[in-house]
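Have the picture ready as you read.

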Amino acid sequence: MVLLTISASVPGLKPHCKQSDSNCLVTKGQSGVFFLSIYIIALGTGGIKPCVSSFGADQFDETDDVEKKKKSSFFNWFYFSINIGALVASSVLVWVQQNVGWEFGFGIPTVAMGIAVCSFFSGTRLYRHQKPGGSPLTRIAQVLVASFRKWNISVPHDKSGLYEFQDKESVIEGSRKLQHTDGFLFLDKAAVETVNDKSAVGSNNLWRLCTVTQVEELKAVIRILPIWASGIIFATVYSQMTTLFVEQGDTMDARIGPNFEIPAASLSIFDTLSVIFWVPVYDRLIVPLARKYTGHQRGFTQLQRMGIGLVISILSMVVAAIVEIKRLDMVKEHNYYERLHIPMSIFWQIPQYFLVGAAEIFTFIGQLEFFYDQAPDAMRSLMSAVSLTTVALGNYLSTLLVTIVTDITTRNGKTGWIPNNLNYGHIDYFFWLLAILSGLNFLVYLLISRWYTYKRATGVFHVSK
């Protein structure tokens, strides 16, 4: 952020722009500094995002019922705080950048980030620290190698005969032991002891013999992956807020009064407001009410919570399609095909944004909690990082769908579903397509949820202060 602020402040690093000319003269050095700062921010974000939620949740003692209950609320309010920041960024900072200057627009978040870093380090002595368990990828590779080395070894019917560290604590630092679960029995071969498992110095060869906990770590990851995959379609729906929702809004009446127009892209602020509205409603009203009927401490199980979000995302696409049908009917009735903006208020889009925000509360926050809770203790940051890849893959899938749909629907000289002039198109068909894909995704998700086996940890989860 410091480098980005400098690139917008130092005269030699700022592009030379004339007030009467929208095109700016940019040198290679200026572009290099700008993109370097952007890439550094991306790198830092990749380090912060998967770790900060896991680190925050680690501060709650799982053996204390009161703290365990508060940990569930932590994920809600963590996501709430993110959206408060997004609200400020999309409103106040945008105004500052456009009306005051980019140096202030970047400088303010730079100062805020500096304050955040100082605040974070000031609490160092108060934090609970989980002991690092080593490379999770190495442990996964050891289980796979050991299993394939023993492909011809039979797994005993009595699973208590499988190899496990005899102490109460796991051999993996900062991790509890995991009980054996049925399924993926081939991997159990890695925990079958044989005479060839000793190394030359007499200790166990970790690439030939693994503990039950290590095997169950890999099983837990494999079981999580289908749940992870179901989030890609949801992320595709979510990505429409920055793509087709904006294009749809650009064709509508964005005026507020006689002298002000709201940019179509700014309407995503209603998604942020939706999240800010639904987090306290969910945490303070829905969860206590659901708890009375389900008897579950969290109100809903994590899988149920994510499933509800998937259903709401389907509704958001249905509403978006209905709004588009209404818009096209107006175009057809009044012959508005060549008009840039038809006399239909852009605020008709608010319900679809609001529904996407509500879906986030259930699915995205549910994913945060699920991937933290169901990941092996020493793999929580890794699995949190994996969960975030659904957003990127959802954007890629959205682009792929648009490319395929455009290629198919424009054959033989047809206009297609998504032409440059949407008044001649049918993006409502694309919204229906996403609704159908989301419905199929939800049905698959139901099957996955019924098949899913929750991890079973034993022992005490140790953290240091």
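## A space inside

A cavity is a set of grid points where a 1.4 Å probe fits but cannot get out. Keep in mind that the model you are viewing is predicted. How many cavities of 30 Å³ or more does a search of the whole structure find? The search turns up one. The largest cavity holds about 60 Å³ of space.

## What lines the cavity

By type, the lining has four charged residues, three polar and three nonpolar.

## Where two helices meet

Now move to helix α2 (residues 28–58) and helix α12 (residues 380–409). The axes of these two helices lie 8 Å apart, and the helices pack at an angle of about 135 degrees. Are they parallel or oblique to each other? An angle over 145 degrees would count as roughly antiparallel, and 65 to 115 as roughly perpendicular; α2 and α12 are therefore oblique. The crossing of α2 past α12 is right-handed.

On the α2 side, the contact is made by Lys 49, Pro 50, Cys 51, Ser 53, Ser 54 and Asp 58. On the α12 side, Arg 380, Ser 381, Ser 384, Ala 385 and Leu 388 take part.

Key
Residues numbered from 1 in each chain as written. Predicted model: local features only at pLDDT ≥ 70, side-chain atom pairs only at ≥ 80, totals over all residues. Heavy atoms only, no water. Axes fitted to C-alpha atoms, helices over the stretch in contact; angles between N-to-C directions. Helix = DSSP H or I, 4+ residues; strand = E, 2+ residues; numbered from the N terminus. Parallel < 35°, antiparallel > 145°, perpendicular 65-115°, else oblique. Left-handed = near helix turned anticlockwise from the far one by under 90°. Contact = heavy atoms within 4.5 Å. 1 Å grid on protein atoms, 1.4 Å probe; cavity = no way out; pocket = protein on both sides within 12 Å on 5 of 7 lines; lining within 4 Å. Points joined across faces, edges and corners; volume = space filled by probe spheres on them. Nonpolar A, V, L, I, M, F, W, Y, C, P; charged D, E, K, R; others polar.
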